[in-house]
Every structure is written in structure tokens, then in C-alpha cells.
Amino acid sequence: MNAESNLDVEDPQITQIRQSVIALCGNFPGEYWRDLDQKREYPTAFVRALTEAGFLAVLIPEEYGGSGLGLTAAAAVLEEIQRSGCNGAACHAQMYIMGTILRHGSAEQKARWLPRIASGELRLQAFGVSEPSNGTDTLSLKTRAVRQGDHYIVNGQKIWTSRAEHSDLMLLLARTTPKEEAKSRSHGLSVFVVDMQKAVGNGMTIKPIRTMINHSTTQVFFDDMKVPAENLLGEEGQGFKYILTGMNAERVLIGAETIGDARWFIKKAVDYANGRNVFGGPISKNQGIQFPIAKAYAQTEAANLMVQKAARLYEQGKDIGAEANMAKMLAAEASWAAADMCLQTHGGYGFAEEYDVERKLRETRLYQIAPISTNLILSYLAEHVLGMPRSY
Amino acid sequence: MKVLVPVKRVIDYNVKARVKADGSGVDLANVKMSMNPFDEISVEQAVRMKEAGTATEIVIVSIGPAAAQETIRTALAMGGDRGILVKTDQTVEPLAVAKILKIITEQEGADIVILGKQAIDDDSNQTGQMLAALLGRSQATFASEVKIEGGKAEVTREVDGGLQTIRVNLPTVITVDLRLNEPRYASLPNIMKARKKPIDEKTPEDYGVDITPRLKVLKTTEPPVRTAGVKVESVQELVAKLRNEAGVI
Ligand SMILES: Cc1cc2nc3c(=O)[nH]c(=O)nc-3n(C[C@H](O)[C@H](O)[C@H](O)COP(=O)(O)OP(=O)(O)OC[C@H]3O[C@@H](n4cnc5c(N)ncnc54)[C@H](O)[C@@H]3O)c2cc1C
């Protein structure tokens with residue numbers, strides 16, 4: 001397939017990373033994921049293998065024990081995981097949440113956490129932003145952190161905090177200055193690194209949420225939870241800004257994951273269509289089968305260009321607000337279109353769990369909603385790129 | 001003990017090979033290429049020998065186009081120490097490969113050469129045997145188990161009808177079969193380290209080997225399409241068909 005041809009022009013190191021990730025993922029076939037999906041269990045062995053092979057430390061600078069590569073390399077890792085039929089959602093955040101420590105942490109904080117995050121000894125893959133009462137309106141979040149001596153006391157609740165039960169540290173966004181007293185609309189939120197091992201049972205309670213996918217997502221409750229002041233990242237009150245920079249990298253990486261999903265669906269559909277004989281020949285000889293597959297392919301390749309562009313610009317230090325959003329939206333739409341096409345191509349068999357199509361379809365659907373839903377991306381483009389009034 | 005591991009860049013085993021329209025060969029334009037899977041097993045064997053303290057240095061050699069450098073890098077990321085790329089864009093037949101490898105083996109003073117039993121592109125299964133003959137060394141082909149002890153190698157071979165265990169004197173040439181081991185994937189830190197390992201660039205002329213092909217490809221064709229089978233109701237019917245229609249019993 002021609003999708004392979006763009007491997008030839010890319011940096012050979014990235015190609016090699018792809019090949020190694022594909023080989024690793026070969027040890028985690030469909031049955032592995034189906035079994036976990038049924039039991040709603042965490043893919044511990046898979047995450048361990050990725051950690052030991054150093055792939056989750058791809059973005060951590062070499063001085064802290066990572067590989068110090070750019071977003072393009074990280075995107076390649078996640079794309080190949082998804083393309084192999086695996087699910088990187090269990091650990092993708094371990095790759096990028098640490099970016100907030102890297103960019104805004106003090107030298108001490110970096111030395112304290114990053115090497116152990118790079119080795120996998122510490123998992124920083126819980127990201128506490130979303131709350132039940134405010135939805136996408138992050139600035140209205142209610143969780144409060146109040147300074148008392150050398151601590152902050154945190155009260156409130158997060159929802160959809162994925163992987164909280166499989167994380168040692170949480171990056172927490174909480175309000176430190178009441179909205180009414182804040183200097184500006186975006187001021188007054190702060191970012192903390194919470195030591196979850198200490199906090200659980202000491203003011204932090206985690207409650208799993210069962211969802212349509214195996215995503216280990218939870219609600220987290222804070223009841224007078226104490227966080228040492230030395231765990232505040234950067235300046236108090238600047239947290240929203242810090243979180244936003246991290247979100248751009250996250251969007252590009254989620255975009256790459258959905259490109260991987262789309263490629264998985266396309267290959268799965270082509271293979272099935274070529275092998276399924278009805279009316280005396282393979283169903284793939286009908287244009288009614290070919291065209292949706294070809295269209296999904298074209299849509300995926302186009303979306304991938306935006307993912308790659310956003311990753312490149314990020315590596316050059318550019319502001320990629322628009323590109324990161326577009327990349328995530330286009331890629332998530334491409335993967336969903338491919339998923340729907342793949343199910344249709346499989347006919348009734350697509351519903352059978354053993355084909356993995358229905359599982360992958362459920363999994364890839366998430367990314368039109370999280371980490372940011374399509375409408376909010378369109379609002380962003382309308383307002384910040386096209387100069388129309390803010391609609392919300 | 002120094003180990004030499006030759007690796008070949010071939011069409012990826014997952015790619016469906018297509019014959020060129022003029023029948024002159026297999027179409028390799030825009031096709032994904034990878035290390036010959038048997039060679040991955042050779043590299044793995046060498047790396048395990050180094051980890052066990054039997055081997056001290058692993059030299060990776062590839063004879064092929066500039067892009068074969070990436071195949072060498074993959075082997076270096078798995079644990080090879082340095083590489084030699086003998087660059088040529090021509091087709092190199094097994095005899096020419098064996099002649100080049102002979103000189104490199106001698107120049108390097110390699111005690112063991114570990115090769116794949118064949119490459120999945122042309123399936124020749126000749127290079128290792130020719131190399132052993134040219135070097136005047138022992139050979140242990142189709143290895144599914146290798147033990148190195150006291151200047152000898154004990155090799156279990158996969159032969160028709162079972163397993164055969166032989167003991168050969170070092171220095172030797174070993175060719176590996178599929179079941180010898182499960183090759184590792186390179187970790188990210190090792191991929192990064194491999195970028196810094198040295199690769200010497202040579203040409204066939206540097207070794208004074210004439211690589212002009214001695215074989216002429218007359219034509220290349222797709223394998224015949226498999227036709228549908230038949231279902232038989234009973235053993236008797238099967239036997240009857242084998243006897244009367246197929247004429248094989
Ligand atoms: C499985 C899963 C895992 C998640 N993991 C995490 C995590 O680890 N950490 C975390 O912090 N969050 C996480 N989330 C939360 C996720 O980021 C949010 O669900 C998402 O941002 C949408 O917010 P919401 O659900 O509150 O939707 P709402 O904000 O209530 O929006 C509901 C719908 O209304 C639309 N809408 C809202 N406002 C407007 C507007 N002004 N104009 C037009 N349309 C609008 C939205 O697009 C959406 O379609 C996760 C969610 C899921 C489902």
C-alpha cells in the first residue's frame with residue numbers, strides 16, 4: 001500500500017522507531033486487547049513493555065534520562081501503536097503531561113521528578129482538569145486550593161480523570177484565587193503535581209467510571225487534601241496558561257493516534273474485502289466497496305499532513321494553536337469515517353468481537369470529544385483565526 | 001571472539017510482491033524494505049553471545065544500495081558494535097556476496113560468521129555454504145540451537161525428518177533457521193545509540209571482487225492463482241481421488 005511510501009522519505013531514525021514499535025506491538029495481538037476490554041482491565045504488560053523499551057520517555061531530554069526527541073518522533077510511536085491494533089490511551093499521557101514540569105518547573109522540581117518519570121518508576125499520567133459542573137468551560141472550574149503555611153489545602157472534584165488508579169503523580173489544575181478577585185479572566189488557576197501515593201486515603205478518593213471503552217477513567221474527590229507548596233509548578237495564578245501550552249502537544253499526539261487508527265481500519269477493510277467472496281467473487285471488486293475505502297484513505301492522508309505540519313511547527317517553537325486543533329479534529333474525523341467504513345465493509349462480521357473492528361470503533365470515537373470536542377475547535381478557529389465574534 | 005553478521009535489505013515480508021509489467025523482476029519502487037527476517041535471527045544470536053560473554057565484538061556487514069545503511073543501523077540498534085556497508089546498486093549473486101564476505105572475514109579476523117539460511121527475496125540458500133567453502137572452514141547450516149564451548153560449536157540443525165546435532169571446530173560459518181530464537185526489537189535508547197556507531201563505506205572494487213551477474217533472469221511471473229479445493233465425504237473417497245485422479249498413491 002502506498003501509505004508505506006512516505007516512510008521512505010522520512011528521517012530514517014523515525015522509520016526505525018516505527019519498525020521497533022511495530023515489532024513490540026506484535027506481542028500484543030487482538031486477543032490480548034479483547035480480553036482486557038471484556039474485563040475492563042489495565043494493559044499492564046503492554047505499558048511495561050513500552051516503558052522498558054524507552055518509548056514513553058521519547059520527549060524527555062537526555063539529561064533527565066529520556067531520548068530528547070521531538071513531537072514528530074512521539075507522534076510516530078503513538079501512530080504505530082494504534083496502527084498495530086493496540087491502544088496507547090492507557091499510557092499516552094505519560095509521554096506528554098511531564099511537558100508542563102519541563103517547561104514550567106524549577107530546576108529542583110525537574111531533577112526531582114523527570115528522571116524517575118523517564119525510567120517509568122514514577123507514572124505521571126493522570127491529568128485533573130475536567131470537572132462535572134463546568135464542562136469545557138475550564139476557567140469556571142470549582143476545585144479550590146488554599147494556601148496555609150507551607151501547604152495548599154485542596155477541596156473539590158474532578159471527573160474523567162483517566163488512569164488515576166494507575167498513576168503515581170497527578171497534574172492538577174485548581175483555582176487559587178477566587179474568580180471575582182482574579183486580575184483577569186484567565187488568571188487565578190494554578191498547577192500542582194500531586195503525589196497520589198500519599199494522597200489516596202488522605203483527602204483523595206478515586207472512583208472508577210465504567211464507560212463504553214476500556215479507558216480506566218475515574219472521578220477524583222478532594223476533601224481537605226494537603227499538597228506541599230513546593231509542588232506548585234511555576235507561578236501561582238498562571239496555571240491556565242501553562243496547561244494550554246501542554247494541550248497543543250496533546251492534540252497533535254491524539255491526532256497521530258487517530259491517524260494510526262484510521263490506517264488500521266483501512267488495512268483491515270482492504271484485507272477483509274479482498275478475502276470475502278459473495279456472488280462468486282471478492283466483494284472488493286465492487287466499486288460500492290472500493291470507493292468508501294479509497295475515500296477513507298484519501299481523507300486519512302490529508303489529515304496526516306496537518307498532523308505532521310503541526311508537529312514540525314511545534315518542534316520549531318511556533319505557536320500551533322490553530323494547527324494542533326485542526327490536526328486533532330481532521331484526524332479524529334478521518335479515523336471515525338474509516339471506522340464506520342470498516343464496519344460496513346465487514347457486514348455482520350464487524351459486530352463480532354473477534355474481528356476487533358467494533359472495539360477499535362468504540363475506542364476511536366472518543367477523540368471527537370476528548371480531550372476537546374469538535375465544536376470547541378471550530379469555535380476557536382472561527383474566533384482566533386477567522387476573526388469572528390466569540391460565540392460562547 | 002569476533003562475530004561477523006551479514007544482513008540483507010529485502011522486500012518486507014508483509015508486502016505482497018508484484019511482478020514488474022515487463023516480467024523482468026519484482027517491482028521494488030515505493031515498496032517497504034526491511035532486514036531479511038533470517039538475518040534478524042543471526043543478529044539476535046550474536047547479541048546473545050555477546051551478552052553471555054562468548055562474543056566480544058559484533059561486526060554487521062551489508063552489501064547493497066545506500067539505503068542498506070539503515071538495515072545496518074537496525075542491526076546496530078539490536079546490539080551490533082559497528083558496520084561495514086559495501087555499496088552497490090547492482091544485483092549481487094550469492095557467489096559474489098560470499099567472495100566479498102570471505103575477504104572481510106579474513107581482514108576482520110572473525111571467528112564466527114552467522115548468516116541467515118536464506119534471504120526471503122530470492123530464497124537462494126547458498127551464501128553461507130559458499131562462504132564456508134571459500135574460507136576452507138567448517139559449516140553448520142540451518143541452526144535451531146547453538147552452543148559455543150572450548151573452541152567448538154555444537155549446533156542443532158533442522159534437517160528433513162528431524163533434528164541433527166553436530167560439533168564443528170572454530171572458526172566456522174553458521175546459518176540460522178527460524179526457530180533459533182525470537183529476535184528482539186530495539187529499544188529507543190539503543191536506536192539513538194546506533195546512530196552514533198561507526199559504519200565504514202566500501203565498494204566491491206575495494207575488495208577486488210567482480211560482481212557481474214553470472215545468471216540471466218529469463219522471466220519473472222506471478223504464482224498461479226490458487227483454485228478452489230473440493231470437499232470429500234469419506235476417507236475412501238479421498239483415497240480413491242488420490243489414486244485415480246491425482247495418481248499420487
Ligand atoms: C473517556 C474519557 C476520558 C477523559 N479523560 C480525561 C482526563 O484524563 N482528564 C481530563 O481532564 N478530562 C478528561 N476527559 C474529559 C474531556 O476532556 C471532556 O469530556 C471534554 O472536554 C468535553 O467536556 P464535557 O464532557 O464536559 O462536555 P460539555 O462541555 O458539557 O459539552 C457537551 C457538548 O456540548 C458542546 N458544547 C459545549 N459548549 C459549546 C459551545 N459554546 N458551542 C457549541 N457547542 C458546545 C460540546 O462540543 C459537546 O459536544 C475525558 C473524557 C472521556 C469521555
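Here is a walk through a predicted model with two chains and a ligand, starting with chain A and ending with chain B.

Let's begin with how chain A is laid out. It splits into three domains: domain 1 covers residues 6–119, domain 2 covers 124–238, and domain 3 covers 241–385.

Take domain 1 and domain 3 of chain A to start with. Their centres, worked out over C-alpha atoms, sit 20 Å apart. The two domains touch, with domain 1 of chain A putting 25 residues into the contact and domain 3 of chain A putting in 23. On the domain 1 side, four helices of chain A each bring at least two residues: α3 (30–39), α5 (71–83), α6 (92–96) and α7 (98–104). The largest share of that side belongs to α5(A), with 10 residues. Sort the residues on this domain 1 side by class and you get 8 nonpolar, 11 polar and 6 charged.

While we're in chain A, have a look at helix α12, which runs over residues 321–346. Its 26 residues stretch 38 Å from the first C-alpha to the last, close to the 38 Å you'd expect at 1.5 Å a residue. How much of α12(A) is buried? The count is 20 of its 26 residues, so the rest of the structure largely encloses this helix. Just after α12(A) comes G347(A), which takes a positive phi of about 55°.

Another helix worth a stop is α14(A). It has 12 residues and spans 16 Å between its first and last C-alpha, again close to the expected 16 Å at 1.5 Å a residue. Just past α14(A) there is a glycine too: G387(A), with a positive phi of about 75°.

That helix also leads us to the ligand. Residues 374–385, which make up α14 of chain A, supply at least two residues of the shell around the ligand, and so do β1 (124–128) and β3 (151–162) of chain A. The ligand has 22 residues around it, and the ones that come nearest are V129(A), G135(A), W160(A), S373(A) and Y392(A). What classes of residue make up this shell? There are 10 nonpolar and 12 polar residues, with no charged ones. And where does the ligand lie relative to the domains? Both domain 2 and domain 3 of chain A give residues to the shell, so the ligand lies between them.

Now over to chain B. It has 249 residues, and 39% of them count as buried. You'll find 6 helices and 11 strands in it, and its C-alpha atoms fill a box of roughly 60 × 45 × 40 Å along the principal axes. If you take contacts within chain B between residues at least 6 apart in sequence, 69% of them join residues at least 24 apart. As for the predictor's confidence, chain B averages a pLDDT of 96, and 100% of its residues score at least 70.

Finally, how do the two chains meet? The contact takes 17 residues from chain A and 15 from chain B. On the chain B side, α2 (68–78) and α5 (188–194) each supply at least two residues. By class, that side of chain B has 7 nonpolar, 4 polar and 4 charged residues. For the complex, the predictor gives an ipTM of 0.91 and a pTM of 0.93.

How values were computed: Residues are numbered from 1 along each chain as its sequence is written. Chains are lettered from A and ligands numbered from 1 in the order in which they are written. This is a predicted model: local features need pLDDT of at least 70, side-chain atom pairs count only at pLDDT 80 or more; totals for chains, interfaces and linings use all residues. A residue is near a molecule or strand if its C-beta atom, placed from the backbone, lies within 6 Å of it. Ala, Val, Leu, Ile, Met, Phe, Trp, Tyr, Cys and Pro count as nonpolar, Asp, Glu, Lys and Arg as charged, and the others, Gly among them, as polar. Domain bounds come from an automatic or database domain assignment. The expected span of a helix is 1.5 Å times one less than its number of residues. Two residues are in contact if their C-beta atoms, placed from the backbone, lie within 7 Å. pLDDT is the predictor's confidence in each residue, from 0 to 100. A residue is buried if 20 or more other C-beta atoms lie within 10 Å of its own, exposed if 12 or fewer, and partly exposed in between; C-beta atoms are placed from the backbone.
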